[in-house]
Amino acid sequence: MRDIKEYAGGTPAWCPGCGDFAILDAVKQALAEMDISPSRAVVVSGIGQAGKLPHYMRVNTLNTLHGRTLPTATAVTQVNPQLTVFAVGGDGDGYGEGGNHFLHALRRNPDMTYIVCDNRVFGLTKGQASPTSDVGTLGGLTPQGTVYPALNPLALAIMLEAGSVARGFSGAKEHLVNLIKDAVRTPGFSLIDVLQPCVSFNKVNTWQWYRERVYELEADYNPTDQQQALALARQWDEQIPIGVLYRSGRESSIAPENLVSAELRPNLEPLLDRYRV
């Protein structure tokens, strides 16, 4: 096991009490426990509070445009399949601006781990409703409450047979570390939707609100049962399950060996050198 300090980057500038702190620590701890060196890990993000996470790590990082995390991370998996690739972002960035890319990443099933820090609001721009906000969520643009039903990203990913689909909670860090390690080891696209409070702009889904509802799936739960996984993905309000809800066993549809010939792949290196910093 490596020292977690190997992955330490800049000092986080999130609000005190933000759920992002535990998610950052969990990613670093998972890498350390899996003995993945900083040079072999890549973390890609877009824009948002969660999009700052790569700034606070010492690994290979890419900070892309708002909502463009997944196509960029997919490209990394194609160029160098030996790397451990993470995409990270918030629910606004990932399911709003990046919603179309999310759909097609699920279809293509690239070999990566996608961690969505889901605080159910746009945090960086001060609390507007996001795609996962519940009906009635108050915000600067919805003073009478949003009228749109919340997107269920887990159910969507299960229906499109992602490699694996999990829900974590930033208040259960050790459990989250295990989810991340499991996702890295699972072939294909692994989604981890992490419930986390936004202490500044979400006054409903607080630490206490989650702790009264979140429960861990039993050890003998069978994640290959798609219908049961869908039922669990829809549990909300009174009880919220966390753990690996679904595992498809589907291989990546865009494995590099199927798309880029062995003769062409080495020729990409000079091109990439032009953009390295």
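Mentor: Let us begin with a loop residue: Leu160 lies in the loop between helix H5 (153-159) and strand E7 (164-169). Helices (H or I, at least four residues) and strands (E, at least two) are DSSP runs, numbered from the N terminus. This is a predicted model, in which local features need pLDDT of at least 70 and side-chain atom pairs count only at pLDDT 80 or more, while totals for chains, interfaces and linings use all residues. Residues are numbered from 1 along each chain as its sequence is written, and side-chain values use heavy atoms, with hydrogens and water left out.

Trainee: Does Leu160 count as buried, partly exposed or exposed?

Mentor: Buried means under 20% relative accessible area, exposed over 50%, and partly exposed in between (1.4 Å probe, protein chains only). Leu160 counts as partly exposed because its relative accessibility is 31%. Leu160 also belongs to a nonpolar surface patch with Leu103 and Met159, and together they have about 240 Å² of accessible area. Patches are made of residues with over 30% relative accessible area and no salt bridge: like charges are joined within 9 Å, and nonpolar side chains (Val, Leu, Ile, Met, Phe, Trp, Tyr) within 5 Å. The areas come from the Shrake-Rupley method with a 1.4 Å probe, and for residues only the protein chains shown count as cover.

Trainee: And how do I read a nonpolar core?

Mentor: In soluble globular proteins, nonpolar side chains tend to be buried together. A nonpolar core here is a set of buried Ala, Val, Leu, Ile, Met, Phe, Trp, Tyr and Cys residues joined through side-chain atoms within 4.5 Å. The largest one has 32 residues, and Leu31, Leu53 and Met57 are among those with the most contacts inside it. Elements giving two or more residues to this core include helix H1 (20-33), strand E1 (41-45) and helix H6 (173-185). H1 gives the most, with seven residues. A second, separate core of 31 residues includes Tyr95, Ala105, Met112 and Leu217.

Trainee: How many residues of H1 are buried?

Mentor: H1 is mostly covered, with 11 of its 14 residues buried. Those buried residues pack against E1, E3, E4, H6 and E8. For its length, H1 reaches 20 Å from its first C-alpha to its last, close to the 20 Å expected; the expected span is 1.5 Å times one less than the number of residues. Just after H1, Asp35 takes a positive phi of about 60 degrees.

Trainee: What does Met57 touch?

Mentor: Contact means heavy atoms within 4.5 Å. Not counting residues up to four places away in sequence, Met57 touches several residues, including Leu24, Val27, Lys28 and Leu31.

Trainee: How many salt bridges does the structure hold?

Mentor: A salt bridge is a side-chain nitrogen of Lys or Arg within 4 Å of a carboxyl oxygen of Asp or Glu, and the structure holds six. In one of them, the side chains of Arg247 and Asp182 meet at 3.0 Å, N to O. Arg247 lies in strand E10 and Asp182 in helix H6, so the pair ties together parts that are 65 residues apart in sequence. Another joins Glu6 to Arg2, with the closest N and O atoms 3.0 Å apart. Salt bridges that share partners join Arg2, Glu6 and Asp35 into one network.
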